[in-house]
Amino acid sequence: MSETPKYVPPAVWTPPAASGGTFASINRPVAGATHDRELPVGSHPLQLYSLGTPNGQKVTILLEELLALGHEGAEYDAWLVRIGDGEQFGSGFVDINPNSKIPALVDRGGDAPLRVFESGSILVYLADKFGAFLPRDTRARTETLNWLFWQMGSAPFVGGGFGHFFAYAPEKLQYPIDRYAMETKRQLDVLDRQLAAHRYVAGDDYTIADMAIWPWCGLLVLGELYGAGEFLSVHEYTNVRRWAEEVAARPAVARGRRVNRLQGERHVPERHAAADLD
């Protein structure tokens, strides 16, 4: 049996003809639009362009939580962006997010449309706009933002690292799976220790930090992400599990995670009114 040749990096990297894996067709080393495509616009000031991935769920959960609190101005249109088909590289989407990643939001309620991109930025923007789920007290606000940005910095290790090599790469490779499994479990331990002393991630109150972390770590310990629950021994993280189940039981969370989904129970590819989820 012949061994696979050892990879030696060239002096200058060039893209491979075919990289393989689930997302090979949309991977490229440059930015910018690949085609002209205007974005649709609905009747509400808030226009969301997204997909029901963990990052996408953060925003729809917050919007549904705001509506549940009675903030009528949080009504929104949620348009589906099929990232597997490269729709995030359309000219209209690139105009509102030059990084070509979902989710992206346009607030058309002011004098001129305002673009907001990157999920963490959208959460802060909406929380500040409606004065909810982000404390105004400096100490509590800072602690919430600490954990929000902890998630933003951690997600690439969980998704692009562990999730990619465990679930999406064209072949299973031990080194990257070991590396990112170790980091993912370390992050779960960080969260488990925090939740041992607090009901919610940033303290006693439910905030955008919980909404950001739950679609990643919460779904992971509930066995709904990458099919990796047994592999990662998620049963060890009892405090994360307690928190994950409590957040999952919130009606607005259940509604928000159905939006912009292409599969799953009662999934809603596009959302333009509350009745779409009823």
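Modeller: A polar contact is a pair of N or O atoms within 3.5 Å; within protein, one must be able to donate a hydrogen and the other to accept it, and residues adjacent in sequence count only if both atoms are side-chain atoms. This is a predicted model: local features need pLDDT of at least 70, side-chain atom pairs count only at pLDDT 80 or more, and totals for chains, interfaces and linings use all residues. Residues are numbered from 1 along each chain as its sequence is written, and side-chain values use heavy atoms, without hydrogens and water.

Start with glutamine 47. The side chain of glutamine 47 reaches the backbone nitrogen of glycine 42 at 2.7 Å. Glutamine 47 sits in strand S1, residues 46-50; strands are DSSP runs (E, at least two residues), and helices are runs of H or I, at least four residues, numbered from the N terminus. Glutamine 47 is buried, at 0% relative accessibility; buried means under 20% relative accessible area (1.4 Å probe, protein chains only). Its contacts (heavy atoms within 4.5 Å) beyond four places in sequence include Pro40, Asp77, Trp79 and Arg108.

Now the whole strand. Five of the five residues of S1 are buried, so S1 is largely enclosed by the rest of the structure. In a regular strand, side chains alternate between the two faces of the sheet. Here Leu46, Leu48 and Ser50 point one way, and Gln47 and Tyr49 the other.

S1 has partners too; strands pair if DSSP finds at least two bridges between them. Five bridges join S1 to the parallel strand S2, residues 76-80. Leucine 48 has alanine 78 of S2 as its bridge partner. Four bridges join S1 to the antiparallel strand S3, residues 104-107. There, tyrosine 49 stands opposite alanine 104.

Conventions: Buried means under 20% relative accessible area, exposed over 50%, partly exposed in between (1.4 Å probe, protein chains only).
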